[in-house]
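Please look over the sequence and the structure shown here. The paragraphs that follow lead through them step by step.

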Amino acid sequence: RLAIDPAEVLRVRLGEAPRQAVVTAAVVAALGLPAVLAILRAVDGSIWSTGIGLLVYGAVVPELVERFVERERPPRRHVRPTRLLFAAGLGFALTMGLVSSAQRSFDAGIYLQRCTHPAEFERSGKKLLQAESREVEKGIHQAKNALPVLLMTVLAVPLAEERLYRGLLQRVLTRKYGERLGLVYAALLFGASHLVVYRVAAYQAALLGFGFGAAYGEGGLVASFLAHALWNGHLVL
C-alpha cells in the first residue's frame, strides 16, 4: 500500500551495492589467508608463528580493504543480548545438524558401496573413510594435547576467520548479491579456503560456513564468533 520497494528496504539496511573492486578485494583477501598460512608452515612450522600470522592477517587485511578499497566504515549493528545469544545458538545448532547429517550421508554412501561393489570399496572407498577420519582427528588430537593449539583453535581461529569471512567477505557479498546468495558464496569460499588443511573433509568446512553465516546474519559478528568458538570448543573439549 505504501509502495515501498523491497530492494530499497535492503539498500537502507545493508547500504549501497559495493563496487566490483571491493568485491574482488574481499574475495582475494579471503583466499589469501590459507596461502599465507601455508607459507608460514613451510618456513617455520611452529604453532606460535602460525597463530600470530592468523591473528595479524585477520585483524589487518579486512581493515585495509575497508579503509583503502571500500573507503567507508561499515555501520555498527546494535543487537540485543537476547538476540545475540539466540543467533549464536542458532548458528551452533545449524552447524551441528548440517555437519552431522552430511557426514553420516557421506559415510552411508561409502558403506553402501561395500555392499554393492566390494572390490571398489576396498580399492578406494575405505581409503576415503580413513582419510576423512584422519583429517578431522588430527587437529582435535593436537588441540587436546597442547594448550597453545587449544587456545588457537577455540579463540584465535574463530576471531580471525569470522572477522575476515563474515565481517568482510559475507558483508560485502550480501550487499552485492543479497542475503541468501551472499551467505552461500561466503560459505563456499570458506570451505575452499580449508582445502589447504582438508582434502576429503573440506565439504564440512563449507557447511560450517553456512552455520556461522546464519549466526552472522541474525546477530552480527559477535554471534558468529560465539557460534564458531562453541563449535571448535565442543570438538576439542
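Is Glu-63 buried, partly exposed or exposed? With a relative accessible area of 22%, Glu-63 is partly exposed, because the buried class requires a value under 20%. The model behind this value is a predicted one.

Glu-63 has a charged partner. Its side chain forms a salt bridge with that of Arg-163, at 3.9 Å from N to O. Glu-63 belongs to helix H3 and Arg-163 to helix H6, so the pair ties together parts that are 100 residues apart in sequence. Arg-163 itself counts as buried, because its relative accessibility is 18%. The side chain of Arg-163 also makes a polar contact of 3.0 Å with the side chain of Glu-66. Leaving aside residues up to four places away in sequence, Arg-163 touches Gly-58, Pro-62, Glu-63, Glu-66, Leu-168 and Leu-221.

The residues Glu-63, Glu-66, Arg-67, Glu-70, Glu-72, Arg-163, Arg-171 and Arg-175 are linked in a network of salt bridges.

Another salt bridge, at 2.7 Å from N to O, joins the side chains of Glu-162 and Arg-166. These two residues both lie in helix H6, 4 residues apart, or about one turn of the helix. Glu-162 is buried, with a relative accessible area of 1%, and Arg-166 is buried at 0%. In the whole structure, a search finds 9 salt bridges.

The next topic is the nonpolar residues. In soluble globular proteins, nonpolar side chains tend to be buried together. The largest nonpolar core here has 33 residues, and those with the most contacts inside it are Ala-29, Leu-33, Leu-164, Tyr-165, Leu-168 and Leu-169. Helices H2, H3, H4, H6, H7, H8 and H9 each supply at least two residues of this core. Helix H6 gives the most, with 10 residues. Leu-33 touches Leu-54, Tyr-57, Glu-161, Leu-164 and Tyr-165, when residues up to four places away in sequence are not counted.

Definitions and conventions
Residues numbered from 1 in each chain as written. Predicted model: local features only at pLDDT ≥ 70, side-chain atom pairs only at ≥ 80, totals over all residues. Heavy atoms only, no water. Core = buried A, V, L, I, M, F, W, Y, C linked by side-chain atoms within 4.5 Å. Buried < 20%, exposed > 50% of the residue type's maximum accessible area, 1.4 Å probe, protein only. Contact = heavy atoms within 4.5 Å. Polar contact = N/O pair within 3.5 Å; in protein donor to acceptor, adjacent residues only side chain to side chain. Salt bridge = Lys/Arg side-chain N within 4 Å of Asp/Glu carboxyl O.
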